[in-house]
Amino acid sequence: MQMFDAMKGGALIMTLSAGVALAHGDVAPQPVNTDALPNVGEEWLIENPYRAEKVGEEVWKAAVAIGDSGYNQNCARCHGLGAVSGGLAPDLRYLEAEEYGDEWYAERFRTGYTQNGITKMPAFGELLGQQAAWAIRTYIETRPDDGALDDFTPRLKEIRDQLAAGAGDIAALKDELMGIAGKIETASGAPVADSAAFRAANLIAGDSPDVKAAAEALTIGLSAAH
């Protein structure tokens, strides 16, 4: 992750303009409901506690969903919808999903960043809390890399259209989507990408497949990827 290696010593938000920095002050931080996540205690950790290998897939999925909401309510204004930066702030997807990236992220989240007396990023630690911080981190690190869906886009569109029309073998389409999801890489190096294929597959898994929601997830995900 060359981008963040070049930022050691700390300038995650250095490229933010003063106008963008002031935008944080225009909108009050939105609370993040983390009741579905295990408590991680008062002392701030230096490693993400919500990765699947530590807490299991179901808690990890919950962290991704909670982090998605928390990020898009509190962070997207500067760092981009879906964690895809528009260029004013660094693209957080490229922060390595390992202890160095975690420790650096936690410090920035807790204390913010000020340059020449100007707040480039506010301190969110006391405002949102540690569980919200790590849920947001989990969401960010599972975002797909740029272009990761490109090779699969034509087939994903076909599957989307089948689902929207109520056609096709749902079980077979779920398996195919899971197979595609397993090939989509994250920008952070995390092992599983929270991609449109992954979300759609999970929506049609189980005894009560939500075909309409799966088609919508593919539409939104493919649109965001391009």
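Asn-116 is found in the loop between β1 and β2; strands are DSSP runs of E with at least two residues, helices are DSSP runs of H or I with at least four residues, and both are numbered from the N terminus. Asn-116 has a positive phi of about 55° although it is not a glycine. With a relative accessible area of 75%, Asn-116 is exposed. Exposed means over 50% relative accessible area, buried means under 20%, and partly exposed lies in between, with a 1.4 Å probe and protein chains only.

This is a predicted model, in which local features need pLDDT of at least 70 and side-chain atom pairs count only at pLDDT 80 or more, while totals for chains, interfaces and linings use all residues. Residues are numbered from 1 along each chain as its sequence is written, and side-chain values use heavy atoms, with hydrogens and water left out.

The strands on either side of Asn-116 form a hairpin with two residues between them. Strand β1 covers residues 113–115 and strand β2 covers residues 118–121; they pair in the antiparallel sense over three bridges. Two strands count as paired if DSSP finds at least two bridges between them. Within this pairing, Thr-114 stands opposite Thr-119 in β2.

Ala-83 also has a positive phi, of about 70°, although it is not a glycine. Ala-83 lies in the loop between α5 (76–79) and α6 (99–111). Is Ala-83 buried or exposed? Its relative accessible area is 0%, so Ala-83 is buried.

Another loop residue is Glu-42, between α2 (18–26) and α3 (52–55). At 77% relative accessibility, Glu-42 counts as exposed. The C-alpha atoms of Glu-42 and Gly-129 are separated by 9.2 Å, and the two residues are 87 residues apart along the chain.

Next come the helices. Arg-137 has its place in helix α8, residues 130–141. Arg-137 counts as buried, because its relative accessibility is 1%. Its side chain is joined to that of Asp-102 by a polar contact of 2.8 Å. A polar contact is a pair of N or O atoms within 3.5 Å; within protein, one must be able to donate a hydrogen and the other to accept it, and residues adjacent in sequence count only if both atoms are side-chain atoms. Leaving aside neighbours within four places in sequence, Arg-137 is in contact (heavy atoms within 4.5 Å) with residues including Asn-48, Arg-51, Leu-95 and Tyr-105.

Which residues of α9 are buried? They are Thr-153, Leu-156, Ile-159, Arg-160 and Leu-163. Seen down the axis of α9, these buried residues fall within an arc of 120°, so they line one face of the helix. The arc is that of the directions from the helix axis to the C-beta atoms. On the other side of α9, Pro-154 and Ala-165 are exposed. Just after α9, Gly-166 takes a positive phi of about 70°.

The structure holds zero disulfides, a disulfide being a pair of cysteine sulfur atoms within 2.5 Å. Cys-75 is buried, with a relative accessible area of 10%, and Cys-78 counts as buried at 5% relative accessibility.
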